[in-house]
Amino acid sequence: MDCISVFDMLKIGVGPSSSHTLGPWRAAEAFLKELEAASIFDKISRVRVDLYGSLSLTGKGHATDYAVMLGLSGADPEYIPIDDISSIINTINEKEQLNFGNKFLVNFNPKSDIVFNREFLPFHANGLTFTAYYESEEYSSTFYSIGGGFFTKEDDLSSSSDITCAFPFLFNTSTELLAFCDQENKTISEIMFENEKTIRTEDEISYELKRIWETMLECMYIGCHTEGILPGGLNVKRRAFEMHNNLKGSTPYSTPQEWITSIRKTKVYFRQILKWVSCFALAVNEVNASLGRVVTAPTNGSAGVIPAVLMYYLVIENHKGGQKEIEQFLTTAGVIGSIFKKGATISAAMGGCQAEIGVSSAMAAAALCELMGGSPAQVTIAAEIAMEHHLGLTCDPIGGLVQIPCIERNAMGAIKAINAAELALDTDPLTVKVPLDKVVNTMWETAKDMNNKYKETSEGGLAVAVNIADC
Ligand code: SF4
C-alpha cells in the first residue's frame, strides 16, 4: 500500500508543468546521483537527453528543455531564484556547455543534445533518457515523469518519495479512510496528521505547511500585481492584474498579509465573490505560465485551484481563519489527492485534464467542506461531486503552452469546488448514489478510454482548432 504524504501532493517548485517541468528536473537530479553512485560522475565530458511521447510533443511549450538543463546544472526547483533561470539557460545556449551538477563544465549543445522523439515508450507517456559520455564509454538511464512532479523508473514501481512508510493509518480508498475516521472518531485531516507525525515532528509539519501556504499566497499576490503579456508567443494578456484593480478596495497594504486584511474589508456580493475566486486562480496560473514559483497542487497546470479556494475561505467565509485552518485545509486536500493518485492518476498524459483540474477541484472541495463543518463522509462526497463534473475533461493546450485553456480552467475548477462543498454539506451520506471510490475508478476507466490526442499531446481539441500563428 502506497504511503503518500501531504508534502508529496503539495510541492514547491517552478512552472509551468509538474509532469513536464518538475518531474524531468527531479529526474535529472536523480541521474546525477546515479552517476555518482557508479563512481563516474567526475569523468563525464558530454551529456544528451532524449524526450519521448508527451514530453516531446509538448515539451517545448512546457519548458521541459529548460527543466532538464537546470536539473543537470544542479539547481533545485524549490530554492533557485526565479531571476537566475534565464541567465543559466542563456549561458548554456551561448557556450554550448553546461555546469554539470554545479561542479564542472561538460559539452552540451541544447539544439542537438536535447532530442525530441515523437514516439512513445511503452511503459508511460512521459519518458526521458539521459546519456552521459566519458572516455570511450557511455551510461544511459531512462526515467518516467508520472505526474505531480513524481518520477519513476521502469524497474521501480514505487513513487519517487523518499519516505519509508510507517503510517499508522494505511488506506488506498476513501472507504478505508472513512473506516479509520469512524474507528478513531477523528476528522480526515486529523487521521492524516497522525500519519505525518511518523515522518516529521509536529513543529516541522506546521512549519512546512506554513511555507506552502506562504508560497501560494505570494504567488497570488505577485499574479494580482503583475501586468503584461505571458511568454511563449500566444500573446495571452495577464488578466488578474486588471481584475484585481477593479475589485480591490481603498485600504492600503504593503505585504501579502495586509492584502488579506484589505480584501476582507471590501464589499462582496455573489458577482464579486465569483470574480475574486477567479482572480486568485488566474493570478497563480499566470505566474505558473511565466515560469514563476508555485506550489504543485497536485500539478502545476492546476496549481491555482487550491490557493483560490483557501483564499476564498479566509477572505469571505471566515475572517478569523488563520494557521490552524490553513493546516487543516491543506492536509485534507493532500489526503484526497493521494486517493486519486493511488486509484487513478494525476498525470494529464495518462488521463487528460480530469487528472489535473478535476483532481485539484476534488481536493479543494473536500478541504473546504471539512473547514465548513462537514463530516468525514460529507468531505468525501464533496470530492466526489467535484470530480463527477470533470469526468472526461481533455487536455489540449494550445501551442503546448500551459495557458489556454489551462489558466481559465483553474478558475472554473475553483468555483466548482466551492459549489461541490456546499452541495455536500446539504447531503445526507446515507442517500449517496456515487461514492468517491466509484468516481475515482470511473475516472481511471475514462482515462484508459481517452484518445491519446487528448492526453497532453496538443494533437487534438483546442490545440488543433486554434492556430498559434493566429494568436
Ligand atoms: S489542459 Fe489541463 S491538464 Fe492540460 S496542460 Fe492545461 S491544465 Fe494541464
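**Labels and cut-offs**

Mentor: UniProt positions are in the numbering used here, feature names are shortened, and annotations may be inferred rather than shown by experiment. The model is predicted, local features need pLDDT of at least 70, side-chain atom pairs count only at pLDDT 80 or more, and totals for chains, interfaces and linings use all residues. Residues are numbered from 1 along each chain as its sequence is written, and side-chain values use heavy atoms, with hydrogens and water left out.

Trainee: What is the helix and strand content of residues 5-155?

Mentor: That span is 35% helix and 28% strand, and its end C-alpha atoms lie 22 Å apart. Helices (H or I, at least four residues) and strands (E, at least two) are DSSP runs, numbered from the N terminus. UniProt also places "domain: Serine dehydratase-like alpha subunit" (unreviewed entry) at residues 184-463. There the figures are 61% helix and 1% strand, with the end C-alpha atoms 49 Å apart.

Trainee: Why are α7 and α17 called roughly antiparallel?

Mentor: The axes of α7 (residues 174-184) and α17 (residues 376-388) cross at roughly 160° and come within 10 Å. Axes are lines fitted to C-alpha atoms, for helices over the stretch in contact, and angles run from 0 to 180 degrees between N-to-C directions. Under 35 degrees counts as roughly parallel, over 145 as roughly antiparallel, 65 to 115 as roughly perpendicular and the rest as oblique. So α7 and α17 are roughly antiparallel.

Trainee: Which residues make that contact?

Mentor: Ser174, Leu178 and Cys181 of α7 meet Pro376, Ala377 and Thr380 of α17, where contact means heavy atoms within 4.5 Å. By class, the contact of α7 with α17 has 4 nonpolar, 2 polar and no charged residues. Ala, Val, Leu, Ile, Met, Phe, Trp, Tyr, Cys and Pro count as nonpolar, Asp, Glu, Lys and Arg as charged, and the others, Gly among them, as polar.

Trainee: What makes α9 and α12 roughly perpendicular?

Mentor: The axes of α9 and α12 (residues 270-289) cross at roughly 90° and come within 7 Å. Therefore α9 and α12 get the roughly perpendicular label. On the α9 side, Cys219, Met220, Ile222, Gly223 and Cys224 take part, and among the α12 partners are Phe280 and Glu286. That contact has 9 nonpolar, 1 polar and 1 charged residues.

Trainee: How do you know that Phe41 and Phe100 are stacked?

Mentor: The structure holds 13 aromatic pairs. In this pair the ring centres of Phe41 and Phe100 are 5.2 Å apart and the planes are at 15°, so the pair is stacked. Rings of Phe, Tyr and Trp (its six-membered ring) pair if their centres lie within 6.5 Å; planes under 30 degrees apart count as stacked, over 60 as edge-to-face and the rest as tilted. Phe41 lies in the loop between α2 (18-37) and β2 (46-51) and Phe100 in strand β3 (residues 97-100), so the pair ties together parts that are 59 residues apart in sequence.

Trainee: Where is Glu135, and what is its phi?

Mentor: Glu135 lies in the loop between β6 (127-134) and β7 (137-147). Glu135 has a positive phi of about 45° although it is not a glycine. Most residues other than glycine have a negative phi, and most peptide bonds are trans. The bond from Gly15 to Pro16 is cis, with omega near 10°.
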